[in-house]
Amino acid sequence: MTNTTDRHVFDENDIQITDPKSYAAGVPAVLVSLRRGLEQMGPLRTARTLARLNQRHGFDCPGCAWPETPGHRKAAEFCENGAKAVAEEATTRKVGPEFFAAHSIPQLLAQTDFWLGQQGRLTHPMIIRPGGAHYEPIGWDEAYAVIAEHLRALPSPDEAIFYTSGRTSNEAAFVYQLMIRSFGTNNMPDCSNMCHESSGTALTETIGIGKGSVSVTDLEDADLILIAGQNPGTNHPRMLSVLEKAKANGATVIAINPLPEAGLLRFKDPQKVNGVLGDGAQIADEFLQIRIGGDQALFQGLAKLLLEEEDRRPGTVLDREFLDSRCAGFEQWAEHIRAVDLATVLEATGLTREQIEQTARALIASNATIVCWAMGLTQQTHGVATIEDAVALLLMRGMIGKPGAGVCPVRGHSNVQGDRTMGIWEKMPESFLQALDDEFGIRSPRRHGLDAVDSIRAMRDGAAHVFMAMGGNFLSATPDTDVTAAALRNCALTVQISTKLNRSHLVHGRTGIILPSLGRTDKDVRNGRKQLVSVEDSMSVVHLSRGGLTPAGEQLRSEVAIVCELAQALFGPDHPVPWRAFADDYDAIRDAIARVVPGFDDFNTRVRRPDGFVLPHPPRDERRFHTATRKANFVVNDLDWVPVPEGRLILQTLRSHDQYNTTIYGLDDRYRGVKGGRRVLFVNDRDLESFGFAAGDRVDLISEWPRPDGTVEARRADDFRLVPYPTPVGNVAAYYPETNPLIPLDHVARKSNTPVSKAVTIRLEAHTPRREGAAAPGTAPGRPSPDSAPGSPGRGELVDRSAAWDE
């Protein structure tokens, strides 16, 4: 089946703006889920897939990593965006050799990310050779040979980059890192580098493990839940039903976010009568509309108020027994916090003193407190410090390792946490590497590898020449789009293991290869036996996933098979790893994992239990902390926040309700009142007035980032429609990846190297349509025009306007 070029053509000038919604889910969510399923899959396929989604004998959602409730699953165990994710993957549309013969790379570059994703499932291995304009079919064996030849020709294994998406299964991730380390490098950037790296860094330093410490049951039993920098209604909708139950059990929920997101206000569960006919359930008891980047100031201000209350009423606030026996660094940290200026806290947060004092009273009254967060905290320059201060707020009250209390980083992709557990990290500890070497008779490299940002720098600078991605859309997921595009084009070879067409296939090295893989919904049969894969959710539960659909084409292979077959081509028949056995029997992989990875003993047996098994977590299970001090650590951090320069605004990038990460499901953001387009900028009415603009005006966004030498880098993204929205004054928001060109590659969080996508200084210019032949409004976001080189004027342009900072 070949798709036509007019599928899903749209005009952003037709965008419609309505009032934002005051609730999430409800009947509209059901109707949208069914409509998207019917459009992509048809009625029978829709019914079959949704009935098996997140069920014990079905497949795990290819969307977010939110866990199921232990021991209880609903008949419809999915959300609207989960249904959209399944519809995207299980679509009957196909992209085969005929499609690529009919569409050149320049033609495809002119399309939007949404259009590309709507074309369907990739069905054949494809290659674009040096100087070519079209992808051409290639056999699997030849594709492996080309990749192996390029890898073996490198002067050093460290000149290769191996990226991993969070949707990769445990089994695929394990054999992938095993192949990479057998090759001789630790260059393993993954999607965590762009999102929750700050969480892992902060948690490892404070409690000794980079994972959350709570379960679904803990959330349901909590007295107080703080939700900071997270939008569950769009990004983790199934969390809302857990919050609804927590509220019914008496919990107080305080939402801390720059935008009043629908899912933080009210939830209408479409599987309940009051969610269909009634008003649903209120989620947030209090909404603290904090300024972008003010969360650390809030946490330090709250801690100061708690210390002052302890001084007034000794023994009523602090958990002294826990602090004395389980913690290190408290006195130095407390001395620092006592010196915090509350006037600065109020300025940094934009909150009133009464709001902060009321939150402090709620913390003191609570016997079981959980702090949840997502990228609103992690993608800040001071993201690691912010999370360390959030953890300190819990530690001072003993809120780790007790029921209903703890830390809850809410992660995105369904196995992003499992990938790390399986070894997808550039800095795995010696204990893991030695266990890997002992099991397989290899010698893993010990030199730390490159993360995502450093990988882009290496490709840009000519220090890396082969890039391989296991899933994902690297170009659209990373910052500084033009720089990243130029880096990828600077490679001799780029390889994408993918289910669907995306922009990363079009911005390729001198040779580019696409290897089509099975998805989470697909049946995976090897040697007549159906194979099963496993995933780890964001609360450390490992369970099976069983695809059941007939694959989109006979040429598709599983990620496990692709890695193992490539390894055979790369290393030859005498390599000590049993690649062929692993490709044919995933139980053999799990047996090896059980011998290498702590917590996976008797993996094959335990993972086949109805709800899988929970991995050990020392702080949660035993209040033990595997840190350098062998205790939970208080970390002293200077107070940092994001002031708004005169004549400028602070931008945060975010998802539309019609997307998941870089996958664009549609052009409607129902909750925020946007229909038919994505190039919008949400801005406060007062800022509109002060800058001399009106609702509906079209503007260009210019980001400004000061270099260490005092000059300023400016980048631009053109043609955004201004939408009045209740944001804090001086703060604006827009969707990514359209705004990724504005984020400098070197603007990263301290310690974690995560791109700072939530605090971008921008100015506005009235939009002037470009001359004929230049990139037109509505063309693909975050890239140059098809006939221009990366960095030239286009939808994403890097310009040096050093004087702009002082205008």
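This report walks through selected features of one predicted protein model.

## Ground rules

The model is predicted: local features need pLDDT of at least 70, side-chain atom pairs count only at pLDDT 80 or more, and totals for chains, interfaces and linings use all residues. Residues are numbered from 1 along each chain as its sequence is written, and side-chain values use heavy atoms, with hydrogens and water left out.

Helices (H or I, at least four residues) and strands (E, at least two) are DSSP runs, numbered from the N terminus. Buried means under 20% relative accessible area, exposed means over 50%, and partly exposed lies in between (1.4 Å probe, protein chains only).

## The largest pocket

The largest pocket holds about 1200 Å³ of space. Of the 42 residues that line this pocket, Ile209, Gly210, Lys211, Trp425 and Pro429 are the closest to its centre. A pocket is found on a 1 Å grid over the protein atoms alone: it is an open set of points where a 1.4 Å probe fits, with protein on both sides within 12 Å along at least five of seven lines. Lining residues have an atom within 4 Å of a point. Grid points are joined across faces, edges and corners, and the volume is the space filled by probe spheres set on the points.

Helix H9 (197-206), helix H22 (416-421), helix H23 (430-440) and helix H31 (618-622) each give the lining at least two residues. The lining splits into 15 nonpolar, 17 polar and 10 charged residues. Here Ala, Val, Leu, Ile, Met, Phe, Trp, Tyr, Cys and Pro count as nonpolar, Asp, Glu, Lys and Arg as charged, and the others, Gly among them, as polar.

## A buried arginine without a salt bridge

Arg411 sits in the loop between strand E15 (406-409) and helix H22. Arg411 is buried but has no salt bridge. A salt bridge is a side-chain nitrogen of Lys or Arg within 4 Å of a carboxyl oxygen of Asp or Glu. The nearest side chain of opposite charge belongs to Glu536, 7.5 Å away. Lys and Arg count as positive and Asp and Glu as negative; His and the chain ends are not counted.

A polar atom of the Arg411 side chain lies 2.7 Å from the backbone oxygen of Gly210. Gly210 is also among the residues closest to the centre of the largest pocket.

## Salt bridges

The model has 53 salt bridges. One of them pairs Asp437 with Arg443, with the closest N and O atoms 4.0 Å apart. Asp437 is buried at 7% relative accessible area, while Arg443 is exposed at 61%. Another pairs Glu713 with Arg707, at 3.3 Å between the closest N and O atoms. Glu713 is buried at 13%. Arg707 is partly exposed at 22%.

Arg763 bridges to Glu765, with the closest N and O atoms 2.9 Å apart. Arg763 is buried at 7%, and Glu765 is partly exposed at 25%. Shared partners link Arg648, Asp700, Glu704, Arg716, Asp718, Arg763 and Glu765 into one salt-bridge network.

## Covered segments

Helix H26 (residues 481-489) is mostly covered, with seven of its nine residues buried. They are Thr481, Asp482, Val483, Thr484, Ala485, Ala487 and Leu488.

Ser498 belongs to strand E17 (residues 493-498). Ser498 is buried at 3% relative accessibility. The C-alpha atoms of Ser498 and Pro516 are 5.2 Å apart, although 18 residues separate the two along the chain. Gly37 lies in helix H1 (residues 27-41) and is buried at 2%. The C-alpha atom of Gly37 is 9.5 Å from that of Ala85, 48 residues away along the chain.

## Backbone details

Tyr736 and Pro737 are joined by a cis peptide bond, with omega about 10°. Pro737 falls in the loop between strand E33 (731-735) and strand E34 (760-766).

Asp602 is not a glycine, yet has a positive phi of about 55°. This residue, Asp602, lies in the loop between helix H29 (586-596) and helix H30 (603-606), and is partly exposed at 49%. Arg623, also not a glycine, has a positive phi of about 55°. Arg623 lies in the loop between H31 and strand E24 (632-633). Arg623 is buried at 18%.

Definitions and conventions:
Polar contact = N/O pair within 3.5 Å; in protein donor to acceptor, adjacent residues only side chain to side chain.
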